[in-house]
Amino acid sequence: MPDEASGIVVFIDYNCIFCRRQFQVFEAMAAEGRPPRVILRHLPHSVDSIALAQALLAARQQGGAEALHRVMAAADQPLGPGDLPDLARAAGLDPERLRADAASPEIEALLDGDVKLAWSLRIESTPTMVVGTELRRGVQSGDALAALTAAAAGR
């Protein structure tokens, strides 16, 4: 992943409680003045999670991927396709356009690429992070991630 070498590549599932905890760690790091460069990759473990991943990828076409990510990451319950119209509106997106964009072959190919990348790295669980050549499974602390990114950058 040469284009992603300077960040934290995190494989996620929006219905994974541990992923939501990891998102909180990233937010805390940012609030402490040490925002990590996070590159999201999707590894959905259910049909509902596939729909969420497709929606997030499609939100890029409306410039709202970050807003939709924040809304989905803050959820305190499992999400599914039926939640997407409300989630889209909360993120300032057009729900109908999001639905149509999420069903496109381009979005399917992007998601398929994420899943194939995870499989090639033998990643099966979420959250899993790749920092440099290091792979870490499960929720990681801000200090652990800062140390990993510094080591990967040669600092």
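Predicted model: local features only at pLDDT ≥ 70, side-chain atom pairs only at ≥ 80, totals over all residues.
Reader: At what angle do helix 1 and helix 7 pack?

Author: The angle is about 70 degrees, between helix 1 (residues 17-31) and helix 7 (residues 142-152). Their axes, lines fitted to C-alpha atoms over the stretch in contact, lie 9 Å apart. Angles run from 0 to 180 degrees between N-to-C directions.

Reader: Why is helix 1 called roughly perpendicular to helix 7?

Author: Under 35 degrees counts as roughly parallel, over 145 as roughly antiparallel, 65 to 115 as roughly perpendicular, and the rest as oblique. The angle is about 70 degrees, so helix 1 is roughly perpendicular to helix 7.

Reader: Which residues make the contact?

Author: Helix 1 brings Gln22, Val25, Phe26 and Met29, and helix 7 brings Gly142, Leu145 and Ala146. Contact means heavy atoms within 4.5 Å.

Reader: What makes strand 1 mostly covered?

Author: Five of the five residues in strand 1 (residues 8-12) are buried. Buried means under 20% relative accessible area, exposed over 50%, and partly exposed in between (1.4 Å probe, protein chains only). Ile8, Val10 and Ile12 lie on one side, Val9 and Phe11 on the other. Both faces are covered.

Reader: How many bridges join strand 1 to strand 2?

Author: Five, and the two strands run parallel. Strands pair if DSSP finds at least two bridges between them, so strand 1 and strand 2 (residues 38-42) pair. Ile12 has His42 as its bridge partner.

Reader: In which sense do strand 1 and strand 3 pair?

Author: Antiparallel, over four bridges. Val9 stands opposite Val130 there.

Reader: What do strand 3 and strand 4 form?

Author: They form a hairpin with two residues between them. In the turn, Gly132 has a positive phi of about 60 degrees. Strand 3 (residues 128-131) and strand 4 (residues 134-137) pair in the antiparallel sense over four bridges. Met129 stands opposite Arg136.

Reader: What do the buried residues of helix 7 pack against?

Author: Strand 1, helix 1, strand 3 and strand 4. Gly142 and Leu145 are among the buried residues.

How values were computed: Residues numbered from 1 in each chain as written. Heavy atoms only, no water.
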